[in-house]
Amino acid sequence: MNTNEVVILLHGMGRSRLSMVLLAIRIRRQGFRTVNIDYPSTRKSIEALSEEYLAPAIAACKEQGAAKIHIVTHSLGGIIARQYLQNQSLPEGSRIVMLSPPNKGSEVTDALRNSLLYKLATGPAGQSLGTEAASLPNRLQRVQVEIGIITGSRSSDPWFSRLFPGEHDGKVSVERARLEEMVDFLVVSKGHTLIMNSRYVMQQVVYFLRNGSFEKS
């Protein structure tokens, strides 16, 4: 195992580190050291989650001598990583793979943010994920790191389909997953909830961590 390269995994909204276990195992078997973070996604703001959970994990990896610190995220985890990179940096050569990130917000938040049930289910972070220009994802500045994004085009939540004008994975539209600074982008026929468990997606995650691009068929 190459302990000089560490991969930090960040789960999505309302999930736990268990949702990233299969992906962590696959990455570890390919020679990387992994750190699978658990964080209270529905109880704190994105800024607090970045500062209190991601930042200490990255600091620990640096103290342990990691030459590269990669990050693999699902959904909300991608926004937390971007928030961290507003004022911090990763070692040279580090890469990020985002799975189904609401990089330009989510129409689901637009439709449900005033619902008491949604507020209770998603907390402060959920209120920040709208598609308006003033939302947190849309206020974040470009980041200086190689980013690859994989998102889905098959809905895992068909009851939300009416909210999207184009392709989507049930929670995030394909277009709103994009970032201007991304170096590669891949759309797969998967839904939002379990995209991280796809063998093909896991293969592509590892390929990007090694090569800085996705493997083209």
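Basis. I worked from a predicted model, in which local features need pLDDT of at least 70, side-chain atom pairs count only at pLDDT 80 or more, and totals for chains, interfaces and linings use all residues. Residues are numbered from 1 along each chain as its sequence is written, and side-chain values use heavy atoms, with hydrogens and water left out.

Helix 3. I took helices (H or I, at least four residues) and strands (E, at least two) as DSSP runs, numbered from the N terminus. I called a residue buried under 20% relative accessible area, exposed over 50%, and partly exposed in between (1.4 Å probe, protein chains only). Helix 3 spans residues 76-84 and is mostly covered, with nine of its nine residues buried.

Salt bridges. I counted a side-chain nitrogen of Lys or Arg within 4 Å of a carboxyl oxygen of Asp or Glu. That rule gave me seven salt bridges.

Arg95 and Glu146. I found this salt bridge at 2.5 Å, N to O. It joins strand 4 (residues 95-99) to strand 5 (residues 146-152), and the two residues are 51 residues apart. Arg95 is buried at 13% relative accessibility, while Glu146 is partly exposed at 32%.

Glu180 and Arg142. Their closest N and O atoms are 3.3 Å apart. Glu180 lies in the loop between strand 5 and strand 6 (184-188), and Arg142 in the loop between helix 6 (136-139) and strand 5. I noted Glu180 as exposed, at 67% relative accessibility.

Glu52 and Lys44. I read 2.4 Å between the closest N and O atoms of this salt bridge. Glu52 is partly exposed at 38%, and Lys44 is partly exposed at 27%.
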